[in-house]
Amino acid sequence: MEAQFLMFLALAAVALAASVMVITRRNLVHSALYLIVTFFAVAAIYVLLHAEFLGVVQLLVYAGGIMVLFLFVILLVERPGTGPAGKPMRWHAAASGVLTLLVAAILGAHFLRSGMAPPGGTAVLGASGGNLETVSLALFRNYLLPFEVVSVLLLVALVGAIVLARPRA
Amino acid sequence: MLEPLHVMILSLAMFSVGVLGVLLRRNAILILMSIELMLNAANLNFIAFAWAHPDVAGQVFALFVIATAAGETAVGLAILIAVFRNRSSIRVDEIDLLKG
């Protein structure tokens, strides 16, 4: 159990540092690569919390699919060294920081007011047949309708993305 | 001893970084990346509570969140390409057609 906590601390530090790097880098490609580091650390935390299947899905969908899409669009859209730097907005950074602190304080207060759950175990999540069997049984038995709705949503997103990005004839 | 509270603290910090990125940066692609950070923070909470209770429903919902995030990213990036084609810029402070 102690090893689990130490691993979580290390992975949390990596995830947090990488996500700060994502929003501070000037070069968009660097931001995307740091975002991949964040996704890897989060996937490892999933595995630590006995969500092995979700960890694999996280790597396949985020690090494998979404980030390739991001990098393609960055290379299509970004022209380094062109365009004005934009007017500096001094009050903008301060207002953003205050707003972020406000959101964090409200969320944190909400978290603290909610009843604290005890540390979990593997009893249900990894029961006979492992995590993949448990998740897929729940998915296809209890959540079949949401699953179908999500597949329709993905189809609509696919068609919409093609229509939006298609050049005008 | 790892407790759900620790994961919640990490989730809160990652979400705040995402909010700061959306508010602070003016590049639309980076705003989309910050939204991905926030969705990941929410997913961390789902997984932590699924582990704490323990109930596999949290993991199923995290799966739905990942699918929705994939669709959101695809449509968002397609919109960015369309905007770039029309305005030759994806800086959100230059896209002010609706400003009075």
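Modeller: A salt bridge is a side-chain nitrogen of Lys or Arg within 4 Å of a carboxyl oxygen of Asp or Glu. This is a predicted model, in which local features need pLDDT of at least 70 and side-chain atom pairs count only at pLDDT 80 or more, while totals for chains, interfaces and linings use all residues. Residues are numbered from 1 along each chain as its sequence is written, chains are lettered from A in the order in which they are written, and side-chain values use heavy atoms, with hydrogens and water left out.

Biologist: Why is the pair B:Arg91 and B:Asp93 called a salt bridge?

Modeller: The N to O distance between their side chains is 3.9 Å. The limit is 4 Å, so the pair qualifies.

Biologist: What makes B:Arg26 and B:Asp93 a salt bridge?

Modeller: Their side chains meet at 3.2 Å, N to O, and this value lies within the 4 Å of the rule. The two residues are 67 residues apart in distant parts of the chain: B:Arg26 is in the loop between α1 (4–24) and α2 (28–52) of chain B, and B:Asp93 is in the segment after α3 (57–87) of chain B. Such helices are DSSP runs (H or I, at least four residues), numbered from the N terminus.

Biologist: Which residues are linked in a network of salt bridges?

Modeller: The network links B:Arg26, B:Arg91, B:Asp93 and B:Glu94. B:Arg91 also meets B:Glu94, at 3.4 Å from N to O. Over all chains, the search finds three salt bridges.

Biologist: Why is B:Asp93 called partly exposed?

Modeller: Buried means under 20% relative accessible area and exposed over 50%, with partly exposed in between (1.4 Å probe, protein chains only). B:Asp93 has 30%, so it counts as partly exposed. B:Arg91, at 22%, counts as partly exposed, and B:Glu94, at 29%, is partly exposed as well.

Biologist: How many residues does the contact take from chain A and chain B?

Modeller: The contact (heavy atoms within 4.5 Å) takes 85 residues from chain A and 70 residues from chain B. Across this interface the rule finds zero salt bridges.

Biologist: How much area do chain A and chain B bury between them?

Modeller: Buried area is the accessible area (1.4 Å probe) that two parts lose on being put together, summed over both. For chain A and chain B it is about 6900 Å², 79% of it on carbon and sulfur atoms. In chain A, A:Ile23, A:Leu49 and A:Phe70 lose the most area to chain B.
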